[in-house]
Amino acid sequence: MRRPLLQRLAHGRRIAAVLLSSQYAYMLEYRAEIVLWALSGVLPFIMLGLWSAIDAGGGLGMSSLQLARYFLAAFVVRQFTIVWVMYTFEEDNLTGRLSPYLLQPLPLVWRYVAAHLSEQVTRLPFVVLLVGLFFLLYPAAFWWPSLSSLLLGMLATLAAFALRFLMQFTLTMVCFWSEKASALERLLYLPYLYLSGLVAPLALYPEGVRTFAFWTPFPYMVDVPARILAGETVPFGPSFAAMAAWAALFLPINLLLWRRGLRHYSAMGA
Amino acid sequence: MAIVCAQGLGKTYRVADKQPGLAGTLRHFVNRRERAIEAVRDVSFSIEPGEFVGFLGANGAGKTTTLKMLTGLIHPTSGTVEVAGCQPQRRQADFLGQITLVMGQKQQLIWDLPPLDSLRVNAAVYGIPPEESRRRIAELAEMLELGDELRRPVRKLSLGQRMKAELLAALLHRPAVLFLDEPTLGLDVNAQARVRSFLADYNRRFGATVLLTSHYMADITALCPRVLLIHEGRLFYDGGLETLTQRLAPCREVRLELHAPMGADAFASYGEVESIEGREVRLLIPRERLTEQVGRLLADHAVVDLSISDPPIEDIIGRLFHQGALA
């Protein structure tokens, strides 16, 4: 018999609290590794150096200051949208750790969501430190985003994380059929890299490429939230609608593959 | 009414069929072949609430596959299963709250944190109120003789302590049906005995139904009045342990350490000589003649050490199957 809604909400809140706190404690055990991961995400700074050196922005309507703010915001967005669920799920599947989790009355996905969110909290101080260092080295680029930009930027970053997680978790379902499904994610990393806005703001891309990019889910994972945070003009409504549309596409595919995958699951390693 | 009921249960896996070597690898790459393996075939049995049943079979006999089907981890290819009134493969929350599966050497505890952290998560997941979960942890910890270990990171615990903590985590929600797959695997004799006594105590105290697989005959003899024997995916025996022991292991293994090496001929009259390596002799002696023959051995030879045990269950099953007793 189903429990009343309020009881279920309280139960969900308790699960979320203990999952997040235990995962945070777990992540703190690996803080050194997380610092290295945070440091390894400085690609936007490298790209900033490259584009600034050839003054690419100037010719295409972006000042060096705008470029610097965009890449700093892209760095921050990237730090909070990193998703690795496929690699963990693949390992859990191969080593048999998945089985005990599948036997508990909690959808497996929430464990991975909690792990990602806890990792982001662990990462936060190092990101703040790196942002501070950036402003120390490039004080002219300092800016306070307006409250609305900040809130919308945070919301867009959260939505970008949710979309990226959903997309990768959908691909992760291939693990039920293939032992090395993470190769797919490596393949997808290339379009993600070029179409998300990590290597350059999409504003600098040729018109045709830019139009094509916005028909994919990638620009909403970095470019859009980064531009909002950097104070650029972004069509909020269509951007959030596009994210919702992509999520609405991936979610049923994910659920279908999950159900089919469970039928195919062989509980290897257990 | 049975709490576990399997009818005509079968599971067929498709596995890649690859020849060794470079040629085999290339052929496999171009023309991938698969073959079907029937891991479990037409298995039927039922278990009443509160029963403690041993599930025996050699490696690859189909024990773990059957347990996975009973818990809903994998879907049967044929037949039906019902556990606690539910179809396991539907994985409904009501069903998951009534069962547990413990796999020796596999863990659900978070490796880098103390077991108490994982127990907090389990308590929340199963909806056990905090006060009640503290009471249950204390009760189970006492039964398992666990104390400070629950506050130490799992990676710092010995195998025996870890297994006991795993049991605690698996039983916190007080499941009505326990599926235990080699819970004493790799533990030393003392730890095995403690886990065994805990399981017996748990079964008595909470009236839980237990299906236990183990390679250690001692686990089965200490805990299971009834056993199921599976061989090559088929159920060969379902009944009392005593009948099975008499049928499958009419002999006990006697190991001797002699003062000086001797030939096999010198021991032929005591029983079946299994092996002789230097000063060490292994004999199989029928149970009914054990006392008499051991007395003779001690009187006739210079014996430095002597031990008596049941032969490994795999040896017993293997030998009997080889002799056609199971066919």
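How many helices and how many strands does chain A have? Chain A has 13 helices and zero strands. Helices here are DSSP runs of H or I with at least four residues, strands are runs of E with at least two, and both are numbered from the N terminus.

This is a predicted model, in which local features need pLDDT of at least 70, side-chain atom pairs count only at pLDDT 80 or more, and totals for chains, interfaces and linings use all residues. Residues are numbered from 1 along each chain as its sequence is written, while chains are lettered from A and ligands numbered from 1 in the order in which they are written.

**Confidence**

The predictor gives the complex an ipTM of 0.85 and a pTM of 0.84. Chain B has a mean pLDDT of 88, with 94% of its residues at 70 or more. pLDDT is the predictor's confidence in each residue, from 0 to 100.

**Chain A**

The radius of gyration of chain A is 20 Å, close to the 18 Å that the globule rule gives for 270 residues, so chain A is as compact as a globular protein of that length. That radius is taken over C-alpha atoms, and the rule is 2.2 Å times the number of residues to the power 0.38. Along the principal axes, the C-alpha atoms of chain A fill a box of roughly 60 × 40 × 35 Å.

Of the 270 residues of chain A, 37% count as buried. A residue is buried if 20 or more other C-beta atoms lie within 10 Å of its own, exposed if 12 or fewer, and partly exposed in between, with C-beta atoms placed from the backbone. Among contacts in chain A with a separation of 6 or more, 80% come from residues 24 or more positions apart. Two residues are in contact if their C-beta atoms, placed from the backbone, lie within 7 Å.

**The contact between the chains**

Chain B brings 23 residues to the contact and chain A brings 22 residues. On the chain B side, α2 (63–71), α3 (93–96), β5 (99–103) and α4 (115–125) each supply at least two residues. The largest share, five residues, comes from α4(B). The chain B side divides into 13 nonpolar, five polar and five charged residues. Ala, Val, Leu, Ile, Met, Phe, Trp, Tyr, Cys and Pro count as nonpolar, Asp, Glu, Lys and Arg as charged, and the others, Gly among them, as polar.

α4(B) is mostly covered, with 10 of its 11 residues buried. Among them are Leu119(B), Arg120(B) and Val121(B). The buried residues of α4(B) pack against α1 (5–29) of chain A, together with α5 (130–144) and α6 (159–171) of chain B. Just after α4(B), Gly127(B) takes a positive phi of about 70°.

**Sheets of chain B**

One open sheet has three strands in the order β2-β1-β4, with antiparallel pairing. Strands pair if DSSP finds at least two bridges between them. β2 (34–47) and β4 (78–83) of chain B stand at the edges, each with a single partner strand, so one side of each is left without a neighbour in the sheet. The twist averages 30° from one strand to the next.

Another open sheet has six strands in the order β5-β6-β7-β3-β8-β9, with mixed pairing. Its edge strands are β5 and β9 (234–240) of chain B, each pairing on one side only. Here the twist averages 15° from one strand to the next.

α2(B) lies across β1, β2 and β4 of chain B, at about 120° to β1(B). α2(B) also lies across β3 (52–56), β5, β6, β7 (209–213) and β8 (226–231) of chain B, at about 155° to β6(B). Axes are lines fitted to C-alpha atoms, for helices over the stretch in contact, and angles run from 0 to 180 degrees between N-to-C directions.

| Strand pair | Bridges | Direction |
|---|---|---|
| β1(B) and β2(B) | 10 bridges | antiparallel |
| β5(B) and β6(B) | five bridges | parallel |
| β10(B) and β12(B) | seven bridges | antiparallel |
| β11(B) and β12(B) | five bridges | antiparallel |

Cys5(B) has Ser46(B) in β2(B) as its bridge partner. Met103(B) stands opposite Asp181(B) in β6(B).

**Strand β12(B)**

Arg282(B) lies opposite Arg255(B), and Leu283(B) opposite Val273(B). β11(B) and β12(B) form a hairpin with two residues between them. In its turn, Gly278(B) has a positive phi of about 60°.
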